[in-house]
Amino acid sequence: MKQLTFIILIVCALLMLKAAADLPDWADPASPASTHLSPDFLEQGYVETATPNIVTVVLADYRSYDTMFEAVVVFAAALIVMVILRHTPRKRGKTILYRPKREGRDTILQGAAQLIIPVMQIFALYVVGHGHYSPGGGFQGGVIFGASFILIALCFNLRFAIQRFREQGVLVCVAGGVLLYAAIGAICQVMGYNFLGYTGLASILGASDVMARSYGILAVEVGVGITVMSVMVSLYYDLASSGDLDEGL
Amino acid sequence: MDELFHYIIAKYNYWASLVLLFIGLYGMIAKNNLMKKIIGMVIFQTAILLFFVSIGAKRGASVPIIKFTADKQPLLEATAYANPLPHVLILTAIVVGVATLGVALAILQKIQRVHGTIEEDEILEDQRS
Amino acid sequence: MYSPSFYQIAPVIAVCASLAAVPLIALSGSRPNLREFWTFLAAGTKFAMVFSLAGYVLAGNVVEVDLIRVLPELSISFRVDSFGIVFALVSSFLWIVAATYTIGYMRGLDEHAQTRFFVCFALSLCAAIGVAFSGNLLTMYIFYEMLSLSTYPLVAHHQDLEGRAGARKYLVFLLGGSVGLVLPALIILFALAGTLDFAYNIQSGIVPEGTGPTMVVILFFAFLFGFAKNGVMPMHAWLPGAMVAPTPVSALLHAVAVVKVGVFCTTRVMLYVFGIDLMADLNLGIITAYIVSFTIIMASIIALTKDNLKARLAYSTVSQLSYIILGVALLAPAAIQGGIIHIVNHAFAKITLFFCAGAIYVATHKKNISEMGGLGRVMPFTFGAFAVASLSMIGAPPVAGFITKWYILVGSLDAGQMAIILVLIASTMLNVGYFAPITYKAFFGKPPAGVSYEPGIKEAPLIMVVPIMVAATISVFIGIFPGFMMQFVQMVIP
Amino acid sequence: MMDQAPILIIIIPLFAALFLTLVGPLGPRFAYGLLITGLVGSLGCSLLSLGLVLDGNQAVQYRLGDWPPPLGIELVIDHLSGVVLVLIAGCALLTAIYSLRTAEQDNPDRLNHYYALFSLLVTGLLGMAASGDVFNIYVLLEISALSSYGLLARGQGPAYFATFKYLIVGTIGACFYLLGVGYLYIMTGSLNIADMAAILSQPELQESVSVRIGFTLIILGVWIKMALFPLHAWMPNAYSKAGTTTACLIAPLMTKVSVYIMLRMMFTLFSADYVFSAIVWSPYVIYLASAAAVIGMIAALAQRDLRKMLTFIIVAEIGYMTGGAWIATASGFIGATYHILADGLMTLCLFMAVGAIIYRTGETSMAAMRNIFQKMPVTAVIFVIGAASIIGVPPTCGFFSKWYLIQGAAEAEAWVFVAALLIASLVAAIIFFRLLEIAFFGDLDTTGASGDHGHSHQPVATLRAEAPLSMLIPMVITAASVIILGLYTKEVVNYFISWSVPLGI
């Protein structure tokens, strides 16, 4: 069976590789992908949104509908993991220990963490905010922020981390980020534009259409950041403790 | 010979990602250990990400962040920047991959709890009994 | 005479009367008398409607009603013409007779699930009239399927192993035929012709000119064997299997609804879809005639070997049904008339025979012919009627069956088919062979050894004997005065 | 406000899902009400959009973020997608109403999270049907897939392993789709369906091997997602172990939406001309579809578990639709499209009826059907209607879809497919009559097989235990719509489906 699979896959691979002759060369400036839509993005993007990072522009404005669902995907993942792992009633006294219980403090580890974590969190905020001008944005910043909580859990223990950021709070953040995103879209609708048409924010913010788009991008990036951050935390909580939210990795 | 050379060198991005793709697919189909299946899945997804992201490359272009000339005027020339669209798509696909991975791991933990193993044949045996 | 708008609505009422009675019957399950009242009300309404339509049709009119257009080019529609009215008259009249008898039978045996029984009975009559009045093949097909499904619980009525096996066989043959053969033929015909409405005369048909002969032949045989209710061998096997049902069901199946619907559909398709001209061109008629001749002879021979009265009657049905198709397949005007009038003749005669079998069973719990010696002296009315009906089957004057034989004989002479005449003679001999001994033994024979009738045995209840006598009398009446039914039949021939 | 209706179809259930996550403390009834409200809103908006489409008799486009289509994402609602949207929203609403008892039974805790996933799944399906962008379809495909993993994993013990397999296979399917989109993007540089279709019609791309590979990968991915034989192995296990509500929601809708995506890809993104002339393997799909229809039905015949049987029937029905789409005639296309609607309704009808029976009897095998006519007469009648539609008994909608499919196959002279359809119908008849026999008469040993005259057995005294009203109402509506759809076939075909019959077939 394994051999059969192997042979079939080899054959498929060879077929597809043979067909690769038809594809444009790597980094060919004349390829359709580089000539059809991307010039429009690159040439109009800055003019229309006052945001130099075109990836951010495409992500959070031209294709922001996709990005909203991206946030929904991570939201769904957190929800599903919670639903799968958390729904069994906890069995008392059967806490699985994944590592030996330690007495006392890991001074070096925890001291270092105490130093690093604030820096990480500030850097995460910077990455979210500076996504307009440099690589970065809600996803990247959110992941870094989430990582800071995971670091707490790793260096202290899971209980300690949960005390800092309770499950209910995580859940509110998970849904709240997406809600922020979708709400901005809906506000644009209320203002008479289409869903996620950030121009609709112009009259609220008292800014020009172009700047309104820029602010709109920032707002949804913040929403994405909140969701991604809390989803990272939530996934870690559930997976590390197998859903017990008690003692974990 | 020259043509073949061109075929391999100029399109190496497709070669690389397709080889990875099929390695991942093989892992997903043929491996007995469910964790290895998940690893195969991740390789498989990553291969597709590579495939996509390689489309964005453009000779002589830099990252798609608008540069400014000395007099603070934006440099709006499409040939100067790489294609931003694949980056955006890949960001989405990465997120989807992470979400799938998370769910898969959660289910795997449950399987381990219910069946006491994550080897496929042992689980099937467990189900039969 | 009523206004034309009445005649637009009458076919719908005729079809739906029994359908409307279904919830009423179902709801009054706990009060048998009320339940039976609904049955009679529906039956009376139905017959009244059909009868009033009969007069209208006799005046040369054809009623057409478009009910609902389900597909862009196809609708569910009714058309009441002389051919349909013959069948509708018979089945709606016999429902009244059968309902009376059924009440006696069911109460006499204290059967279970009587409400379900009457509900399905009503449904199947709705379907039968629907088939008679349908204006195109789609409508006919829908009602045909409805009949198959609504009679299924009737066949499986006893719910024992035998009953279920019979019902299963019944469904497999009927659904297999209709879904497996008729439905694709229907759709292919629709793809070819663009319509499924029946032609207005029996000459032309609706198959478009230029259709390949192979296709026509395939379609024709798909219809002939697909309408498995017509009992043409080898699709007849369900019929003896369905014998396990209670006798009123057998009577309904064999005389009124099911097999007649099968035969009616077959002949309708032969005459109004393919048309005489096309069938004659491709020699389809004569091929069919030989196929059904084989059925006639084979079924009669099998009937000879059966001791169970109902089984013998079942094979007799298989044989008699093929007479109808034989008549039509000969394509000569006289034979077609003979075939169609046999729908009526056979209905009355066969229902009498089954009623008699039921009456015997209710009175004595006897099923086998060998146990019935001397029983005629105890039950003279029942066996008298039985004798009359078997004369009709045999085709002896003055009973109705004679009319059929006469017309088909004339028709086969017209068509120049000497072989068919031989078939008719042989089949008549066989008919005598399996019917005469029953009557003879009943009146002049002695009870077989080891069987003694309990002293209490007497004639079946009055509510059963009256329908038997009515049906037998009508059989004789049609034999002496064939004019009433024949005038409809003659209208079929242009 | 009218022009916002297309997006509201998708956004309303999304908001419902988000709020549902947070309303745990307010109790299950509140969550139930919120879900129903969201789905009613969604259904209303989809009806409104369908009205807009019918008004202008042309597709309604909705630009997200006000960006013009090839740059931004657009929603396109035409006659076909409008009807599919109404079907999805309607079925989801009926299932939601139905779920009052069963969802609580299956999810004693965290009901609101369950409902949130429910709502997310519906969002994904609606979004897929309305989207006019290939990549957006992928994202929504993943949303619906992820939420279905979550919902399915809430079944009993073995559900985890079945769900895991489904996850692996589903990911392969989605990734194939994504890879195919990648190929097409390389060759066209666009992601908008209409724009890509225009570019793909250029002669040099019609010849391109890469475009063919892209098409093949997309179709392969969709086939895996919709469980076309022989890629169906994941489905029966995953669906049959799910909770009642989950099965009612996922089984009728997921596969149908995948079929819809297949039609979209074949005829909107590419063209009938391209699919049937440039793709070398397209003539063989008929055989695959025929095999799916026959083997699916026969496998269903072999099952003793009611829901497993139904899922194998779905495998067969997928064969019908695939065959209808690939026989390259207008009637076949109409049949396949009409069957999306018909099959959605009739499988929903059956799953609901079976769910109610399981809810009352606690059994999942065929034995649960014993004496159902006495115990749950209404449910039994609804089951019969659904079964009749699967068999193809007129005037249920199943008959008319089969009618069109056979007509299309006869026109294309695809006799193998005609035979497969007929055999499948006959096998379906056997399946259901075997069940109805048990339902009508009970098992032999319970009624006493002795005696040859029926009067000796009295029916076993069975308590009447009809399904609760919250289950009965949606079931009755579904069963009624199975028949109404059948009776109004002409209208459905004329007003909705005939508009989307692709050119060139």
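Pro230(D) sits in the loop between helix 9 and helix 10 (234-240) of chain D, helices (H or I, at least four residues) and strands (E, at least two) being DSSP runs numbered from the N terminus. The peptide bond that joins Phe229(D) to Pro230(D) is cis, with omega at about 5 degrees. The model is predicted, and local features need pLDDT of at least 70, side-chain atom pairs count only at pLDDT 80 or more, and totals for chains, interfaces and linings use all residues. Residues are numbered from 1 along each chain as its sequence is written, while chains are lettered from A and ligands numbered from 1 in the order in which they are written.

Chain C also holds a cis peptide bond, between Met233(C) and Pro234(C), with omega at about 10 degrees. Pro234(C) belongs to the loop between helix 7 (213-226) and helix 8 (238-241) of chain C. Most residues other than glycine have a negative phi, and most peptide bonds are trans.

Positive phi values are the next backbone feature. Asn57(D), a residue other than glycine, has a positive phi near 50 degrees. Asn57(D) is placed in the loop between helix 2 (28-56) and strand 1 of chain D. With 10 other C-beta atoms within 10 Å, Asn57(D) is exposed; a residue is buried if 20 or more other C-beta atoms, placed from the backbone, lie within 10 Å of its own, exposed if 12 or fewer, and partly exposed in between. Leu196(A) likewise has a positive phi, near 65 degrees, and lies in the loop between helix 9 (167-190) and helix 10 (202-205) of chain A. Leu196(A) counts as buried, because 31 C-beta neighbours are found inside 10 Å.

Within chain D, helix 3 (residues 79-106) and helix 4 pack with their axes 9 Å apart, at an angle of about 170 degrees. Here axes are lines fitted to C-alpha atoms, for helices over the stretch in contact, and angles run from 0 to 180 degrees between N-to-C directions. Helix 3 of chain D is therefore roughly antiparallel to helix 4 of chain D, a term for angles over 145 degrees, whereas those under 35 count as roughly parallel, 65 to 115 as roughly perpendicular and the rest as oblique. Among the residues of helix 3 of chain D that meet helix 4 of chain D are Val84(D), Leu85(D), Ile88(D) and Ala92(D). The residues of this contact comprise 13 nonpolar, one polar and one charged; Ala, Val, Leu, Ile, Met, Phe, Trp, Tyr, Cys and Pro count as nonpolar, Asp, Glu, Lys and Arg as charged, and the others, Gly among them, as polar.

Leaving aside residues up to four places away in sequence, Ile88(D) touches Val122(D), Leu125(D), Leu126(D), Ala129(D), Leu253(D) and Val257(D), contact requiring C-beta atoms, placed from the backbone, within 7 Å. The largest nonpolar core has 556 residues, of which Val73(A), Ala77(A), Val86(C) and Ile88(D) touch the most other members. Such a core is a set of buried Ala, Val, Leu, Ile, Met, Phe, Trp, Tyr and Cys residues joined through C-beta atoms within 7 Å. Helix 6 of chain D gives the most to this core, with 22 residues.

Helix 6 of chain D also meets chain B. Its axis and that of helix 4 (residues 84-115) of chain B come within 9 Å and cross at roughly 160 degrees, so the two helices are roughly antiparallel to each other. Residues making the contact include Ala104(B) and Ile107(B) of helix 4 of chain B, and Phe164(D) and Leu167(D) of helix 6 of chain D. By class, the contact has twelve nonpolar residues, three polar and one charged.

Turning to the other chain contacts, 47 residues of chain D are in contact with 45 residues of chain A. Helix 5 of chain D gives the most to the side of chain D that touches chain A, with eleven residues. That side has 28 nonpolar, 13 polar and six charged residues. On chain C, 30 residues are in contact with 33 residues of chain D, and helix 6 of chain C supplies the largest share of the side of chain C that touches chain D, twelve residues. Chain C does not touch chain A, their nearest C-alpha atoms being 39 Å apart. Chain B and chain C do not touch either, with nearest C-alpha atoms 34 Å apart.

Key. Two residues are in contact if their C-beta atoms, placed from the backbone, lie within 7 Å.
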